[in-house]
Amino acid sequence: MTSRLPALLGIDSPIVLGAFGGLSSVELTAAVSNAGGLGSYGLYGYDADRITRTAAELRARTDRPIALNLWMPTGDEVSPDDVDWEAATTALAPLFEQVGLEVPERPARFLPDVDEQLEAVIAARPAVLSVVFGVPDRQTMERLHEAGIVVVGTATTPAEAVFLERAGVDAVVATGPEAGGHRVSFLAPAEESLIGTIALVPAVTDAVSVPVIAAGGIADRRGVAAAFALGAEGVQIGTAFLRAAESAAPASHRAALAGVAESGTVLTRAMSGRLARGVRNVAVSAIETGESIAPFPAQNWLTGRFRSRAAELDRGELLSLWAGQGAALLASSSPAPSAADVFAELAAGLPH
C-alpha cells in the first residue's frame with residue numbers, strides 16, 4: 001500500500017517521532033526531521049514565549065517539516081484551589097526530602113491556557129500540529145488549516161478516531177496501550193480504552209478515511225512491517241528514540257529502558273494523576289502505597305518539582321521513567337545509539 005503521509009506531511013519516510021512531554025529535545029526532533037521523518041516536539045506546560053523560542057530553535061537546526069504537540073483540556077482538570085494541598089503535599093514530602101527540597105507552595109496555576117498555546121503555535125506555523133486528549137474546536141481547526149498547518153489527532157479507540165476525523169484532522173495516530181507515557185483517551189476512561197495496537201490499527205483504518213499512523217510497542221523493523229501489514233500508512237516511535245544520544249533522557253532513564261526486558265512496565269496514575277506507562281521505581285511504589293494521589297494536573301505539577309531536581313542529580317528512582325513495552329526489544333542494542341541509527345533500523349521495515 002502506498003502511504004499518503006509523505007505528501008501530506010512533506011517528509012520522505014512515514015516515520016514520526018513521538019512527542020515527549022518534558023523529555024523533548026531540539027537535537028532529537030531536528031535529527032529525525034533531517035533523516036527524512038517527522039520530528040515532533042512536546043509543548044506540555046510551555047507558555048507562549050517558550051513556544052516561540054522553541055520553534056525558532058528548531059528552525060535553526062532544520063529546514064525540514066517538524067510537528068509541535070499540545071495536550072487538549074478534557075474538562076476534568078483541577079485548578080490549584082480545588083486541591084487539598086496539605087494532603088497532596090504530605091503524601092509526597094518524603095520524596096521531596098530525598099532531593100533536599102521543601103514541599104512547594106500552592107501555585108497560581110498549574111498550566112498555561114491552551115488558547116495561549118494555540119495562538120503561539122499558529123504564529124509559529126510548524127508544518128504539523130499534533131494533539132492528544134482530543135482536538136481543538138472547529139474555529140481553531142479552520143485557523144490552523146488556513147495557516148497551512150496539518151493537524152494530526154491521537155486515538156485510543158475506533159470511536160475516538162471517528163470523532164477526530166469528523167472534527168477535521170488530517171491524520172490519526174492509533175496508539176495502543178503498549179506505548180510509553182500517557183494514555184491519551186478522551187471519550188471514555190483510559191482504563192476502558194486499552195485496545196492493543198495489533199487490534200486497534202486495523203479497526204481504526206476500517207473506521208476512518210484519513211491516513212492512520214500506528215503507535216505502541218513498535219521499536220524495530222519488524223514492528224514497522226507489521227504496522228503496515230495491518231493497514232497503517234505510517235508509524236510513530238517513542239521509546240526507541242528516547243534511547244538515542246540526542247534525546248533529553250538522563251543516563252538513569254536510559255538504563256531503566258535497557259532493563260525493561262527484566263522488569264517490565266506498569267500503567268500507573270502515581271506520577272501525574274493520569275494513567276501512563278513506565279518503569280516502576282521508588283517514586284511510583286511509594287506513591288501507589290501512600291494515602292493520596294492528587295488529580296491531574298495537580299499531581300503532575302507537584303511531582304514535577306522533585307523530578308526536575310532528580311533529573312539534575314540523575315536519580316532515576318525519582319523520575320517518571322516513561323517506557324513502552326517495545327523497550328524490551330532494545331536490550332541488546334547500544335544504550336545510546338544515534339538517532340540516525342534508530343531511524344535506519346525502523347526504515348528497513350517500510351514497504352518498498
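In this predicted model, the face of helix 6 turned away from its buried side carries Arg138, Gln139 and Glu146, which are exposed. Helix 6 spans residues 138-146, and its buried residues are Thr140, Met141 and Leu144. Viewed down the axis of helix 6, these buried residues fall within an arc of 105 degrees, so they line one face of the helix. An α-helix has 3.6 residues a turn, so residues three or four places apart point the same way.

What do the buried residues of helix 6 pack against? Their partners are helix 5 (114-124), strand 4 (128-132), strand 5 (150-155) and helix 7. After helix 6 comes Gly148, which has a positive phi, near 80 degrees.

Helix 7 also packs with helix 8. Two packed helices are described by the angle between their axes and the distance between the axes. For helix 7 (residues 158-167) and helix 8 (residues 197-207), the angle is about 35 degrees and the axes are 9 Å apart. The crossing of helix 7 and helix 8 is right-handed. Helix 7 contributes Pro158, Ala161, Val162 and Glu165 to the contact, and helix 8 contributes Leu200, Ala203, Val204 and Ala207. By class, this contact has seven nonpolar residues, one charged residue and no polar residues. Glu165 is counted as charged because Glu belongs to that class.

| Residue | Location | Relative accessibility |
|---|---|---|
| Ser247 | loop between helix 10 (239-242) and helix 11 (251-258) | 8% |
| Ala256 | helix 11 | 15% |

Ser247 touches Ser25, Leu28, Phe241, Leu242 and Arg254. Among these, Phe241 and Leu242 lie in helix 10 (239-242), and Arg254 lies in helix 11 (251-258). Ala256, itself in helix 11, is in contact with Val279 and Leu321. How far apart in space are Ala256 and Arg280? Their C-alpha atoms are 9.4 Å apart, while the two residues are 24 residues apart in sequence.

Key:
Residues numbered from 1 in each chain as written. Predicted model: local features only at pLDDT ≥ 70, side-chain atom pairs only at ≥ 80, totals over all residues. Heavy atoms only, no water. Helix = DSSP H or I, 4+ residues; strand = E, 2+ residues; numbered from the N terminus. Buried < 20%, exposed > 50% of the residue type's maximum accessible area, 1.4 Å probe, protein only. Contact = heavy atoms within 4.5 Å. Axes fitted to C-alpha atoms, helices over the stretch in contact; angles between N-to-C directions. Left-handed = near helix turned anticlockwise from the far one by under 90°. Arc of directions from axis to C-beta.
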